[in-house]
Amino acid sequence: MAKQDYYELLGVARGASADEIKKAYRKMAMLYHPDRNPGDQQAEQKFKDVNEAYDVLKDEQKRAAYDRFGHAAFENGGGRAGAGAGGFDFGSGFADIFDEMFGEFMGGRRGAGGGGRGADLRYNLEITLEEAFKGSAATVRVPTSVICDVCTGTGAEAGTAPTGCPTCGGIGKVRAQQGFFTIERTCPSCHGAGRVIKDPCKNCGGSGRVRKEKTLQVNIPAGVEDGTRIRLAGEGEAGLRSAPPGDLYIFLAIAPHRFFQRDGANLHCRVPIPMTTAALGGTIEVPTVDGSRAKLNVPSGTQTGHQFRLKGKGMSVLRSPNRGDMYIQAMIETPVNLTKRQQELLREFEKAGGKEGSQHPESEGFFAKVRELWEDLKD
């Protein structure tokens, strides 16, 4: 059967750059990797072919020879047991970028058991502003892969155990002669584990793990901000056949609060103040994020938009005993549903006004500027 063109295998043009070839290889290798396709012989062969193609095209000299002579350029390298098709180490290209690719795909290298390290997981958790202030403990339920309790993660049927791989003799690697060179590559039979499972566990299908919902407790420290990430080491997916597990990352989102708006460690709050209190001055109570009340002295003549600062009444600061500040923006409230007597008193108040501009500086100043504008327009 004729071998498929290496460029077609990777899905790139013949003039593709080295970066384009590398990117295409990473995509194909992740797609057909045996850990993602357990027991799929076609996927395993495709994985070998993709690695063989990349091993040639990543090397400038090999690529030049392939571009000129095609597969015939490598047909005289000599056959040898365990070698990849065409005489090349189909695992060598994979090893070059293993950490880079599978650091993203599975979170790291293979474990000692030969299976892939378990995948890292993400869990989005919404908390209240009060919980972010005080800190809290949350219970999360995460659907994930856990160690099979029947085979205890080995992947072998109860009463049996994995045996040494006959292809590599339990080493996990095989050697092949290519001309004057000896090339070492990952064993294609056990994928580097050094062991094979003759009787797979019926409960997990030989993977050593099963799907299950796991319940975990998450400690949320005081002072966390929106987007904070908490890492729970080893609480991600279980690895294949006793390989190390991945990690679980909790991403925090803080729900909007009905009173406060957060700005880092500081809090902002808009508070309505009665017109009489704003005019005469007085004291009001305002809520704080810790659940208590704080007294605020309102000076006479306070206007809408005036900002007050309550020092140390804001949010907790992560890993610090300090707190931010609380800023209160005044909103002067005009009374409604006045009684007849109240209306009379306000009219008396208006008639008893002092010198023009002394009691309502903002409005008097505004209309004075408007009059000047109108006069300028008339001229």
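Gly11 is exposed, at a relative accessible area of 63% (exposed means over 50%, buried under 20% and partly exposed in between, with a 1.4 Å probe and protein chains only). Gly11 sits in the loop between α1 (6–10) and α2, where helices (H or I, at least four residues) and strands (E, at least two) are DSSP runs numbered from the N terminus. Its C-alpha atom is 8.9 Å from that of Met28, which is 17 residues away along the chain.

Before going on, a word on the model. It is a predicted one, so local features need pLDDT of at least 70 and side-chain atom pairs count only at pLDDT 80 or more, while totals for chains, interfaces and linings use all residues. Residues are numbered from 1 along each chain as its sequence is written, and side-chain values use heavy atoms, with hydrogens and water left out.

**The chain overall**

- The chain has 379 residues, and 37% of them count as buried.
- Take the contacts (heavy atoms within 4.5 Å) between residues at least 6 apart in sequence: 63% of these join residues at least 24 apart.

**Helix α2**

- Helix α2 covers residues 18–32, and its 15 residues should span 21 Å at 1.5 Å a residue; the end C-alpha atoms are 21 Å apart, so the two agree. The expected span here is 1.5 Å times one less than the number of residues.
- Buried in α2 are Ile21, Ala24, Tyr25, Arg26, Met28 and Ala29.
- As background, an α-helix has 3.6 residues a turn, so residues three or four places apart point the same way.

**Helix α3**

- The buried residues of α3 are Ala43, Glu44, Phe47, Val50, Asn51, Glu52, Ala53, Tyr54, Asp55, Val56 and Leu57.
- At the start of α3, Asp40 puts a side-chain oxygen within 3.1 Å of the backbone nitrogen of Gln42.

**Where α3 meets α4**

- The axes of α3 and helix α4 (residues 60–69) come within 6 Å and cross at roughly 105°. That makes α3 roughly perpendicular to α4. Axes are lines fitted to C-alpha atoms, for helices over the stretch in contact, with angles from 0 to 180 degrees between N-to-C directions; under 35 degrees counts as roughly parallel, over 145 as roughly antiparallel, 65 to 115 as roughly perpendicular and the rest as oblique.
- Which residues do the meeting? From α3 there are Asp55, Val56 and Leu57, and from α4 there are Lys62, Arg63 and Tyr66.
- By class, this contact of α3 with α4 has three nonpolar, no polar and three charged residues (Ala, Val, Leu, Ile, Met, Phe, Trp, Tyr, Cys and Pro count as nonpolar, Asp, Glu, Lys and Arg as charged, and the others, Gly among them, as polar).

**The ends of α4**

- Asp59 caps the N-terminal end of α4, with a side-chain oxygen 3.0 Å from the backbone nitrogen of Gln61.
- Glu60 lies in α4 and is exposed, with a relative accessible area of 71%.
- Glu60 and Ala18 are 42 residues apart in sequence, yet 9.1 Å apart from C-alpha to C-alpha.
- Just after α4, Gly70 takes a positive phi of about 70°.

**Positive phi in two arginines**

- Arg241 has a positive phi near 50° although it is not glycine. It is found in the loop between β8 (229–232) and β9 (248–254) and is partly exposed, at 23% relative accessible area.
- Arg319, also not a glycine, has a positive phi of about 55°. Its place is the loop between β14 (307–310) and β15 (326–333), and it is exposed at 76%.

- Gln217 is in strand β7 (residues 209–220) and counts as exposed at 53% relative accessibility.
- Neighbours within four places in sequence aside, Gln217 is in contact with Ala137, Ala138 and Thr139.
- Gln217 and Thr139 are 78 residues apart in sequence and 4.7 Å apart, C-alpha to C-alpha. Their side chains are joined by a polar contact of 2.6 Å (a pair of N or O atoms within 3.5 Å; within protein, one must be able to donate a hydrogen and the other to accept it, and residues adjacent in sequence count only if both atoms are side-chain atoms).
- Glu362 is in helix α10 (residues 361–378) and is exposed at 62% relative accessibility. Its C-alpha atom is 9.6 Å from that of Gln303, 59 residues apart along the chain.
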